[in-house]
Amino acid sequence: MLSELFGGTGLSSTLIYLCLTAAAGMYIGKLNIKGVKLGIAGVLFVGILLAHLKAQAGFEPLNGEILHFVKEFGLILFIYAIGIDVGPRFVSSFKNDGLTMNLFAAAICVLGTAIALLFHLFGGVDLSVITGVLCGAVTNTPGLGAAQQALSDSKDAVEQAGMAYAVAYPFGVIGIILTMLLVRAFFKIKIDQEEKDYNNQLDANNRQKLESVEITVNNPNLFDQKISYIKSFVESELAISRIQRGDNFVLASEDETLQAGDIIFGVSSTEHISKLQMKIGEVVIGQKKAVSGSLAMVNLLVTNRKIAGKTIEQIGIYRRYDANITRIFRAGLEILPSNNTIIEFGDTLRVVGKRDLLNDIEKEIGNSSKELVKPNTIPIFLGILLGIVIGSIKIDIPGLPAAAKLGLAGGPLIISLMLGHFGRIGKLDFYMSPGGNMMLRELGIILFLACVGLSSGTKFVTTIAEGGYQWMLYGAAITFIPIMTIAIVARLMKFNYLKICGIISGAMTDPPALEYANSLAPTQAQSTAYVTVYPLTMFLRIMLAQVLVLIFL
């Protein structure tokens, strides 16, 4: 019985090995050794070990066709989930110094590929080997998937790329952390000062930050004017919540008229303060005050799909109720609402209104956590379908002997980034709960790495013994030289050290390195830089791996 299950090559045996690899690999990946964890890479190494032990026991290798299908499907799930997650922040990430950070990351990608190419052209390293080494050295699993698709005509080449990836991967993780330590020592960096500098710069650049404001109405032209009139010329600059008149608060309904000395309470961004002072009166950035009396404030989740995709004006809450929407929270962003702002499924609306009407508004908005966590599966499969179609389109690039394709990695990535950014197509929304997204992402990458390890592990030890140790050296050079060079250049350009750590972690698409970087200081600098460069980096890694194979195969 056990011999059939563990020694067989059928579906049952394959599933058993996949589950063992995933469970044991994730457990090993969580082990903390002096602040360093293998993370998801533990799955890869357990897969290699199990495949090696299976071969040593004299059993046949697992079914290659099953492993290939599961590997490709896992890659698609992983890529799609990443794109949906970072899509809403993709465009905004290029603000401030985002362009510079992406240039740094792109330089790391190109320099690493150039070094790999030199090893192939002048070192005589086989193309499939150096491509796998490149992907492992930069810890980029989707890049390996794209490269293996380009190499799919040769089973041996695909296996070699997988083994080379596994050999180069460990220093890909360690090398990034080593670079952070060396840069810190070389420039004698003090983390406390870097954290302080980052926070100061954040305050200076964050002109879009939303603030609670109190505006005293002293413009005579506005006396006895209705709130609807005020909104018409400050709509994109101010979300009006309520009005203080003497010691009382009244709701800022459309028909309410302003009087001299009224104080408008609302929400605006710091960049609009001077405009509001000219148009209305003295502006004070106020401390948040509790809404009392007959008024109340609530945060409501948009879970009614009938209103998702409509503008605030179309929904018309402010017309039908004595209530106003003052803020919108979406995918980690805070949005200043206007009548033309589109409400999306999963948004959180901050509503100020008459206390006895808020229950009715809640019913209209939805505010059901059960609805929010329900799987939105139809858009997932439609998005993946569209991504596969786009990935299959041949792209003629001058100089290439064959047309390139975005493939099963690049196609879903591009489509998911677009869907994540726009949020919907017509009435179809592509919202995915954070928990659902994380589950899809983890499942996909675990399946992919497990299949890579189980496919490559049979010949892994033999490969190392026959000269594969040299692949480690190639990988170390591809890892260390680009990120060390760019890190030094960035520091010489006075870039914040914490941002540099995020940039090189994102350029290497390495979550374990980001985890270490985040442990240096309790700021968002590292994660923000990581997210800023991640989409472009992922795209470049996938395309460069394919182009390398197509040009020199």
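## The second largest pocket

Helix H4 gives the second largest pocket the largest share of its lining, six residues. Helices here are DSSP runs of H or I with at least four residues, strands are E runs of at least two, and both are numbered from the N terminus. This is a predicted model, in which local features need pLDDT of at least 70 and side-chain atom pairs count only at pLDDT 80 or more, while totals for chains, interfaces and linings use all residues. Residues are numbered from 1 along each chain as its sequence is written, and side-chain values use heavy atoms, with hydrogens and water left out.

H4 spans 64-90, and at least two lining residues each come from H4, H7 (141-150), H8 (155-186) and H18 (434-456). In total 22 residues line the pocket, with Gly 64, Lys 155, Val 158, Glu 159 and Ser 455 nearest its centre. A pocket, on a 1 Å grid over the protein atoms alone, is an open set of points where a 1.4 Å probe fits, with protein on both sides within 12 Å along at least five of seven lines; lining residues have an atom within 4 Å of a point.

The pocket's volume comes to about 520 Å³, that being the space filled by probe spheres set on grid points joined across faces, edges and corners.

## H22 and its bend

Over its 28 residues, H22 reaches 39 Å from first C-alpha to last, close to the 40 Å expected (1.5 Å times one less than the number of residues). There's a bend of about 40° at Tyr 534, with Pro 535 following within four residues. The bend is the angle between axes fitted to the seven residues ending there and the seven starting there.

Leu 550 sits in this helix, which runs over residues 525-552. Leu 550 counts as buried because its relative accessibility is 17% (buried is under 20%, exposed over 50%, partly exposed in between, with a 1.4 Å probe and protein chains only).

## Two positive phi values

Asp 224 isn't a glycine, yet its phi is positive, near 70°. Look for Asp 224 in the loop between strand S1 (210-216) and helix H10 (227-234); at 61% relative accessibility, it counts as exposed.

Asn 367, also not a glycine, has a positive phi of about 55°. Its loop joins helix H14 (358-365) and helix H15 (369-373), and with 24% relative accessibility Asn 367 counts as partly exposed.
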